[in-house]
Amino acid sequence: MKSAAIVTLPGMFNYGNMLQKYAVQSLLKKAGAIPVTFEFRDRSVVSRLKNTYYKLTGKWIPSPESLMSDERRTRFKMFAELISLETVTKANDPALAGFDVYFVGSDQVWNPNYIDSFQSAFLPFAPKDRRMALSASFGVEDIPADHVGIFRDAINSFSRISVREEAGRRLVERLTGRDVPVLADPTLAVPRKEWLSLANDGLVPAQPYVFAYVLGSSGEQASIVVDSISSSYDAEAISLSDRDSSKQLPAGPAEFLGLIASAEHVITDSFHCALFSALFKRPLTILRRSEQSSSFSRIETLVEKLGIEQAVFNGDFNSIDSLIDYADIDTAIEYERMRLSEYLEACLSV
């Protein structure tokens, strides 16, 4: 069995991030590897001094983890026990040495806005022939001019690359000339039964409900859509957010899965919420975020792969409660699962 190191975004507050950490390890174990996920946390003196300065000048932005309720934080930690996680602070940490293969991904690991993660996200500590990108995402369609050289050299140092959305494929091609595959997010490749076995129904109401997980969409439009859909079902609307403390149910990743799986209808602008809604075959309405963000490319790629483009809200309020045809989704998911499995097998063959 080969050992596999995984580098991904740090944090224990984002549902999609935690679920993809579990998924990557689950898939690697099934492929015969022994995986460990590493999170880089900057705890240097410079970082601490910066934080102190920001606090003194009123520019301090609390971390999402620090804003979580104790119960919610506990539920995230409980889910994290399912994952082999280690924290490192620098690229030459001895814990990173000696793995047979190194992966970065999935999630927005190559987003240029996360500049502090450049060193870890490009696996500079790993031998070049062992560097693999697994459904990596940029979250943007263009790289700032002053970072183009960094990205080009770093990406070219990888033995194998796969990306999560079409925008990422085009970006890699422009930067390096390499034509790389667009693979599904690893969460899609984990069987539905496995996710349902991890789901916790502790927060699921006894009565029918509509589930809303809306992070960045226009408040007015989102409210109208949620009200309209919940009225059509004569059901309560349950809202969850990892940004709005007023909607911070004590839900960890397991409760997140439970709320999606049992909902009469799901309204979201979140990639992973949309993915799990489709995986559980729930009626679904996907909203575009109000800010101009190219990150919608990941949802566009998802709905095209699954053949559920009609789930994206087009502004027609007369059609928002229409049901999605999931007749062919199992076939689509199995195809994406096969492609991802073949990619992992090739990566582990080094």
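This is a predicted model: local features need pLDDT of at least 70, side-chain atom pairs count only at pLDDT 80 or more; totals for chains, interfaces and linings use all residues.

Biologist: How is a pair of aromatic rings described?

Modeller: A pair of aromatic rings is described by the distance of the centres and the angle of the planes. In this structure, a search of the whole model finds 18 aromatic pairs. One of them is formed by Tyr-15 and Phe-256, whose ring centres are 4.5 Å apart with the planes at 5 degrees, so the pair is stacked. This pair links distant parts of the chain, since Tyr-15 lies in helix H1 (residues 15-30) and Phe-256 in helix H10 (residues 253-261), 241 residues apart.

Biologist: Are Tyr-15 and Phe-256 buried or exposed?

Modeller: The cut-off for buried is under 20% relative accessible area. Tyr-15 has 1% relative accessibility and therefore counts as buried. Phe-256, at 0%, counts as buried.

Biologist: What is the arrangement of Phe-122 and Phe-151?

Modeller: Phe-122 and Phe-151 form an edge-to-face aromatic pair, with 5.2 Å from centre to centre and 85 degrees between the planes. Here again distant parts of the chain are linked: Phe-122 is in the loop between helix H4 (118-121) and strand S5 (131-136), whereas Phe-151 is in helix H5 (residues 148-156), 29 residues apart. Both Phe-122 and Phe-151 are buried.

Biologist: Which residues form one aromatic cluster, and where does the charged end of Arg-164 sit?

Modeller: One aromatic cluster is formed by Tyr-15, Phe-76, Phe-211, Tyr-213 and Phe-256. The charged end of Arg-164 sits over the ring of Phe-271, 4.4 Å from the centre of that ring.

Biologist: How are two packed helices described?

Modeller: Two packed helices are described by the angle between their axes and the distance between the axes. In this model, the axes of H1 and H10 come within 9 Å and cross at roughly 100 degrees. H1 and H10 are therefore roughly perpendicular to each other.

Biologist: Which residues of H1 and H10 meet?

Modeller: From H1, Tyr-15, Met-18 and Leu-19 meet Pro-253, Phe-256 and Leu-257 of H10. By class, this contact of H1 with H10 has six nonpolar, no polar and no charged residues.

Biologist: Where is Phe-79 found, and with which residues is Phe-79 in contact?

Modeller: Phe-79 is found in helix H3 (residues 70-80) and is buried, with a relative accessible area of 4%. Apart from its neighbours within four places in sequence, Phe-79 is in contact with Met-18, Leu-19, Tyr-22, Pro-253 and Ala-254. Phe-79 and Leu-19 are 60 residues apart in sequence, while their C-alpha atoms are 9.0 Å apart in space.

Biologist: What of Thr-187?

Modeller: Thr-187 has its place in helix H7 (residues 186-189) and is buried, with a relative accessible area of 0%. Beyond its neighbours within four places in sequence, the contacts of Thr-187 include Leu-19, Gln-20, Ala-23 and Trp-195.

Biologist: Let us turn to the backbone. Which residues does a cis peptide bond join?

Modeller: A cis peptide bond joins Gly-105 and Ser-106, with omega about -10 degrees. Ser-106 is in the loop between strand S4 (101-104) and H4.

Biologist: What is the phi of Ser-135 and of Lys-281?

Modeller: Ser-135 is not a glycine, yet has a positive phi of about 50 degrees. Ser-135 is in strand S5 and counts as buried at 0% relative accessibility. Lys-281, also a residue other than glycine, has a positive phi near 60 degrees. Lys-281 lies in the loop between helix H11 (271-279) and strand S10 (284-286) and is partly exposed, with a relative accessible area of 31%.

Conventions
Residues are numbered from 1 along each chain as its sequence is written. Side-chain values use heavy atoms; hydrogens and water are left out. Rings of Phe, Tyr and Trp (its six-membered ring) pair if their centres lie within 6.5 Å; planes under 30 degrees apart count as stacked, over 60 as edge-to-face and the rest as tilted. Helices (H or I, at least four residues) and strands (E, at least two) are DSSP runs, numbered from the N terminus. Buried means under 20% relative accessible area, exposed over 50%, partly exposed in between (1.4 Å probe, protein chains only). A charge sits over a ring if NZ of Lys or CZ of Arg is within 6 Å of the ring centre and within 35 degrees of the ring normal. Axes are lines fitted to C-alpha atoms, for helices over the stretch in contact, and angles run from 0 to 180 degrees between N-to-C directions. Angles under 35 degrees count as roughly parallel, over 145 as roughly antiparallel, 65 to 115 as roughly perpendicular and the rest as oblique. Contact means heavy atoms within 4.5 Å. Ala, Val, Leu, Ile, Met, Phe, Trp, Tyr, Cys and Pro count as nonpolar, Asp, Glu, Lys and Arg as charged, and the others, Gly among them, as polar.
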